[in-house]
Amino acid sequence: VSDDVAKQVLTDTYHTISGRKCEVRIPKRTEPERKLFVGRLPRGTDEKDLSDYFSTYGALADVYIPKPHRGFAFITFEKGEDAEIVLKQKHFLKDVPINVTLPDPPAKKQKFGEPEYGDRGMKPFGGYRQESSSY
């Protein structure tokens, strides 16, 4: 597709494809992810340890280790390209292998009393619905 055709498509707000109205937009995120999850951290690892190690790959915007220490952290590079390079390699911190991945989006929290797998005939606290019986 030529640039002129792409520009024309984007200038028209709505299009019709097979009789259905659709909207064409540029994706919101076109740049690589900058934030990474770092797991299996050795005990005693602090922000300076992570900063010293990962800054060799590029400038860091943030290093975060939750307190109390739970063995993981998040690092954010200033450039997504640096994070992509980090993802392609194996890493060791204090001679211990660590996991570096993209962070998972936060899970949707289940509301109290809400069935775990949707309403499939189950009670909110497990078990199956039963017709009430009188004793």
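**Reading the labels in this predicted model**

User: Which elements do the buried residues of α3 pack against?

Analyst: In this predicted model, the buried residues of α3 pack against β3 (35-39), α2 (47-54), β5 (72-77), β6 (91-93) and β7 (96-101).

User: Which residues of α3 are buried, and why are they said to line one face of the helix?

Analyst: Helix α3 covers residues 80-87, and Gly80, Asp82, Ala83 and Val86 are buried there. Seen down the axis of α3, these buried residues fall within an arc of 155 degrees, so they line one face of the helix.

User: Glad to have that cleared up! Why is the pair of Phe37 and Phe74 called edge-to-face?

Analyst: Happy to go through it. The ring centres of Phe37 and Phe74 are 5.7 Å apart, and pairing asks for centres within 6.5 Å. Their planes stand at 65 degrees, and an angle over 60 counts as edge-to-face. Phe37 belongs to strand β3 and Phe74 to strand β5, 37 residues apart, and the pair links distant parts of the chain.

User: What makes Phe37 partly exposed?

Analyst: Its relative accessible area is 25%. Buried would need a value under 20% and exposed one over 50%, so Phe37 falls in between.

User: What else is found around Phe74?

Analyst: Phe74 forms one aromatic cluster with Phe37 and Phe72. Lys35 lies over the face of Phe74, at 4.9 Å from the ring centre, and the distance cut-off for such a placement is within 6 Å.

User: Why does Thr45 count as buried, and where does it lie?

Analyst: Thr45 lies in the loop between β3 and α2. Its relative accessibility is 5%, and the cut-off is under 20%, so Thr45 is buried. Leaving aside neighbours within four places in sequence, Thr45 is in contact with Leu50, Ile65, His69, Leu93 and Lys94.

Notes:
Residues numbered from 1 in each chain as written. Predicted model: local features only at pLDDT ≥ 70, side-chain atom pairs only at ≥ 80, totals over all residues. Heavy atoms only, no water. Buried < 20%, exposed > 50% of the residue type's maximum accessible area, 1.4 Å probe, protein only. Helix = DSSP H or I, 4+ residues; strand = E, 2+ residues; numbered from the N terminus. Arc of directions from axis to C-beta. Contact = heavy atoms within 4.5 Å. Phe/Tyr/Trp six-rings, centres within 6.5 Å; stacked < 30°, edge-to-face > 60°. Lys NZ or Arg CZ within 6 Å of the ring centre and 35° of its normal.
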